[in-house]
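Subject: Structure handover and notes

Hello,

Please find the structure below, with the sequence. My notes on what was found in it follow.

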Amino acid sequence: MIDDWYPRLQTSGLLDTLAPYAPVLVGAHPLAIASDGAPIEIACRAVDLAAFARVIERAYGEQPGFALHPGSLDEEEAVFAEFTLEGLPIEVAGQREHVHRRLGAATLGVAQMLELEGEPSRTRLAARVAAGQDWLDAAMEQSGLTRSALESLATANSAVARRVLGVRAPSPALRAYAIPLLVGLVAEVLIVAATAARGSGDFTGAMLLVEAAVLGALFGVRMGLAASLTPLLLFGTLSSASMLVGNESCGNDGCGIQYAGYLFIAILVASTAGFFALLRDRYLPR
């Protein structure tokens, strides 16, 4: 594959010549999977195919290897021009319908797939293309998706695309947890301080649930759960350590009942944070 094909194509002026026909770069070259010698594919829409052919022939008929022939593109009548321009092998196709849009969407969808699945996926697809398989057929076979599904990936956000492709989202970096944990810790300290100032802990549980809902909605599943549960775990550990050294008693209810209460609150907090985090990730994916 020619590494600098796109700057050279822009410099050649071909895209300016084809501008009235809404040219779309499609296929293996934009996807960086083209084999050596593969032509750069450009799909255009031309209501009058004969006039389109004359324009191409007048502009590039003297170029090396120029050939003009009829054919079909996505089962639509088309005209093809093949030639070499600035050392680049070119294939321009024109057809009356909006096939160029569909091919452009499919190219973008495959690009989304390769971006999410990584270089091993690109290498496998490049090997299929090098073996002579059509780039779109190869992408459908490799992904297991229909052409319509690949076209839809062109406008899908990355979270939806990952679910369609079955690609796991990358885990956040550890430093990304700093702000959620800080927010969760400060919020819980404020809740404890507010209930202590009232002299009653009757509303502590309810306030913790509200906090968990907010954290889940703000930070999503992983960070929301970490932000809501880590302060509880920290305070629970401190309380347990205080009981072990005798600075704090379990009260009349006994330590078992008190620990069960802590566990019940933790389960409620985790469930609330998880529910609102799932809603957030479902309807407002990152």
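Phe 276 is partly exposed, at 33% relative accessible area, because that value falls between the 20% and 50% cut-offs. Please bear in mind that this is a predicted model.

Aromatic pairs: the count is five. One of them joins Phe 275 and Phe 276, edge-to-face, with 5.3 Å between centres and 85° between planes. Elsewhere, Tyr 60, Phe 66 and Phe 83 make up one aromatic cluster.

Helix 4: this helix covers residues 99-117, 19 residues in all. From first C-alpha to last, helix 4 reaches 27 Å, close to the 27 Å expected at 1.5 Å a residue. Its buried residues are Val 99, His 100, Leu 103, Gly 104, Ala 106, Thr 107, Gly 109, Val 110, Gln 112, Met 113, Leu 114 and Leu 116. In reading such a list, recall that an α-helix has 3.6 residues a turn, so residues three or four places apart point the same way.

Is Ile 191 buried or exposed? With a relative accessibility of 8%, Ile 191 counts as buried, because the cut-off is under 20%. Leaving aside residues up to four places away in sequence, Ile 191 touches Thr 204, Met 207, Leu 208 and Glu 211. Phe 203 lies 12 residues from Ile 191 along the chain, and their C-alpha atoms are 9.2 Å apart.

Regards

Technical notes:
Residues numbered from 1 in each chain as written. Predicted model: local features only at pLDDT ≥ 70, side-chain atom pairs only at ≥ 80, totals over all residues. Heavy atoms only, no water. Helix = DSSP H or I, 4+ residues; strand = E, 2+ residues; numbered from the N terminus. Expected span 1.5 Å × (residues − 1). Buried < 20%, exposed > 50% of the residue type's maximum accessible area, 1.4 Å probe, protein only. Phe/Tyr/Trp six-rings, centres within 6.5 Å; stacked < 30°, edge-to-face > 60°. Contact = heavy atoms within 4.5 Å.
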